[in-house]
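This report goes through the sheets, helices and ring pairs of one protein model. Please keep the sequence and the structure in view while reading.

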Amino acid sequence: MRSGFLNRNNVAHVLGIALVYFVLAAAAIAFTRLSANVALLWIANAPLLAAMLARPAVERPWHVAACFFASIAASVSASPYAMLSPLLAVANIGEALIAYGLLVRLGAAQSPFASLGRLLVFGMAAGIAAPVVSGIIPVISIWAFQGTAPLTIWSNWIVGHGLGAMIGTPVALLVIAGGAYRERITRRHEWLRAIWVSGLLLGITGLCFAQDGLPVLFLPMLPLIVATMAFRLAGAALGVFAIAVIGAVFTVAGHGPIQLIAASQALHLQFFQFYLGVLFLTAMPFATMIAEKNKLARAVAESEARYRLIAEHASDAVLVLDRAGDVIFASPAVREVGGYDPDGLIGQSSFAFIAEGDRARVRELHARTLAQPERVHRAEFRGMTARGTARWFESTARAVTDEEGRATTIVTIIRDLSQRKAREADLERQATTDSMTGVLNRRAFQRRLADGPSGENGVGVLALLDLDHFKSVNDRFGHAAGDAALLTFADVMRSRLRQEDAIGRLGGEEFAVLFPTLDVRAASAACERLRKALERTEIVTPHGSFGITVSIGLAPLSPGMTPEAVFRQSDAALYRAKALGRNRVELAEA
């Protein structure tokens with residue numbers, strides 16, 4: 001896919017995110033906005049921020065544009081501030097852009113919940129800094145529009161948008177980024193566990209908020225912790241989100257334990273915001289700590305396999321890759337094998353170092369290794385060295401599994417095959433090239449002609465070339481001079497013809513050229529330029545200097561014509577060029 005262009009899948013994601021944005025924005029305005037104020041729980045920016053974090057870069061400007069118009073549409077359809085909808089859309093989309101920019105700047109854009117440090121950065125960027133800055137626009141515009149106290153607007157905007165981003169973004173990433181943020185459920189007992197944990201959470205939360213006689217807001221905490229322990233980030237994020245949705249519905253409708261507080265509806269919703277913030281700050285760090293503990297356990301297993309392989313293959317490079325193919329360990333031998341600094345490879349995609357023509361095949365090997373962790377997988381590919389040159393390598397890979405038998409990482413040994421490939425290429429060159437001139441030999445040229453153009457649309461021409469009076473050169477100046485004439489002619493052809501034109505030596509002083517993409521007129525002009533160039537060339541030898549000319553016969557390729565037939569036509573044209581005085585180009589008779 002070319003940069004800047006969207007395919008059908010990209011367009012579907014852009015439209016889907018925009019639709020979700022509109023629904024969430026309209027719902028927030030309709031159900032959580034109190035009179036003369038802004039929405040108190042704004043989750044709409046979460047899918048936009050998640051899309052910028054997880055989707056391809058080519059989609060980002062389109063997500064921004066689509067969600068901008070979705071924000072305007074939501075304001076026009078559900079808000080009394082329809083006149084201010086463009087300004088509010090700027091604030092909403094600007095908030096997501098600020099959060100994304102801060103996460104990138106602070107190095108937390110990839111896996112923002114992978115560690116407590118990144119989680120803190122996410123909370124500061126998306127939950128505080130971005131709403132604080134973006135809230136300036138609605139403060140000024142709504143105050144100017146209807147005179148609402150700026151501090152009230154600003155505080156509600158910061159809390160509502162910050163809390164919505166922190167609650168909604170993890171859920172949006174689970175949906176958009178898939179396996180990068182959630183663990184796959186593949187076994188029957190895992191599905192059963194997911195069902196009963198979900199039922200427990202939804203049931204207790206529903207019972208808690210369906211009544212307003214007992215102060216039991218603490219009850220949903222138990223199933224939330226159970227969900228977090230069972231499913232880590234997915235359990236924490238979806239659990240908090242489920243409690244937020246159920247609690248918001250009942251609280252807006254005037255039900256739930258929060259109604260025991262003798263206060264206005266605005267204070268009830270603000271207390272509910274505080275309650276959700278406590279849940280988030282309890283569950284998400286706990287999920288991150290569990291993930292880090294599991295990561296440490298996997299590291300122990302990977303370390304055992306890593307050092308065993310290093311001991312066995314000390315001269316080869318060893319890489320440890322995660323499921324996405326990113327490098328998480330590189331042995332010191334990568335310096336000798338590819339010229340890379342081992343520490344500099346950490347975090348980079350291993351596929352970026354594969355030559356483009358072999359990248360798809362290596363990706364298939366990676367997927368096959370993950371799918372069949374019990375087997376060793378091997379492949380040869382062209383990789384790029386630190387100097388930017390391509391070199392042949394061999395990969396021997398095997399997956400490392402966790403306690404449940406699922407592949408978590410891949411340990412691969414990289415061996416340099418450049419010397420072996422060079423020997424193979426040299427043998428191939430010797431088998432296909434003329435040892436004196438370096439052009440194709442007769443057999444290789446005939447094979448190239450047989451596999452070449454079919455002659456359709458008048459394209460494809462064969463030229464036979466014969467040096468004039470070559471025997472007299474040998475007789476007068478010696479065989480060394482004849483060899484010099486052959487080398488000079490080969491050099492002239494290489495310099496005057498195109499790279500795609502195939503040059504071959506058929507034997508003695510006779511050569512052939514296949515023009516695979518030219519018609520007769522263009523091929524004749526090319527041969528005429530070649531003839532004149534050779535005519536002007538002086539060949540210097542110890543016994544004196546001399547010049548030499550060439551006669552050329554051309555024949556076009558026709559559909560269904562055999563190589564033998566086109567050779568006969570070209571040879572007849574060459575014979576006619578010799579008969580008409582040599583040093584000329586003649587076309588085969590129709």
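How many bridges join strand β4 to strand β5? Nine bridges join β4 (residues 390–401) to β5 (residues 407–416), and the two strands run antiparallel.

## Basis of the model

The model is predicted: local features need pLDDT of at least 70, side-chain atom pairs count only at pLDDT 80 or more, and totals for chains, interfaces and linings use all residues. Residues are numbered from 1 along each chain as its sequence is written, and side-chain values use heavy atoms, with hydrogens and water left out.

The protein is divided into domain 1 (1–182), domain 2 (185–308), domain 3 (314–417) and domain 4 (433–587); the bounds come from an automatic or database domain assignment. Between the C-alpha centres of domain 1 and domain 3 there are 38 Å.

## The antiparallel sheet

Strands of a sheet pair through backbone hydrogen bonds, either parallel or antiparallel. Here helices (H or I, at least four residues) and strands (E, at least two) are DSSP runs, numbered from the N terminus, and two strands pair if DSSP finds at least two bridges between them.

β4 and β5 belong to an open sheet of five strands in the order β2-β1-β5-β4-β3, with antiparallel pairing. Its edge strands, β2 (327–330) and β3 (377–384), each pair on one side only. From one strand to the next, the twist averages 30°. Opposite Ala407 in β5 stands Thr401. Helix α13 (residues 356–371) packs on this sheet and touches β1 (317–322), β3, β4 and β5, where contact means heavy atoms within 4.5 Å. The direction of α13 makes about 150° with that of β3; such angles run from 0 to 180 degrees between N-to-C directions, and axes are lines fitted to C-alpha atoms, for helices over the stretch in contact.

## The mixed sheet

Another open sheet of five strands has the order β7-β8-β6-β11-β12 and mixed pairing. At its edges stand β7 (502–507) and β12 (585–587), each with a single partner strand, so one side of each has no neighbour in the sheet. Neighbouring strands are turned against each other by 20° on average, direction ignored.

Within this sheet, seven bridges join β6 (residues 461–467) to β11 (residues 550–556), and these strands run antiparallel. Ala463 stands opposite Leu554 in β11. Helix α18 (residues 520–535) packs on the sheet, touching β6, β8 (510–515), β11 and β12, and its direction makes about 170° with that of β11. Helix α19 (residues 563–579) lies across β6, β7, β8, β11 and β12, at about 145° to β11.

## Helix contacts

Two packed helices are described by the angle between their axes and the distance between the axes. Helix α5 (residues 116–134) and α6 pack at about 35°, with axes 4 Å apart. In this contact, Val132, Val133 and Ser134 of α5 meet Ile136, Ile137 and Pro138 of α6.

The axes of α6 (residues 136–146) and α7 (residues 150–176) come within 9 Å and cross at roughly 145°. The contact is made by Ile136, Pro138, Val139, Ile142 and Trp143 of α6 with Pro150, Ile153, Trp154 and Trp157 of α7.

## Aromatic pairs

The whole structure holds eleven aromatic pairs, counted when the ring centres of Phe, Tyr and Trp (its six-membered ring) lie within 6.5 Å; planes under 30 degrees apart count as stacked, over 60 as edge-to-face and the rest as tilted. Tyr340 and Phe353 form an edge-to-face pair, 5.0 Å centre to centre with 70° between the planes.
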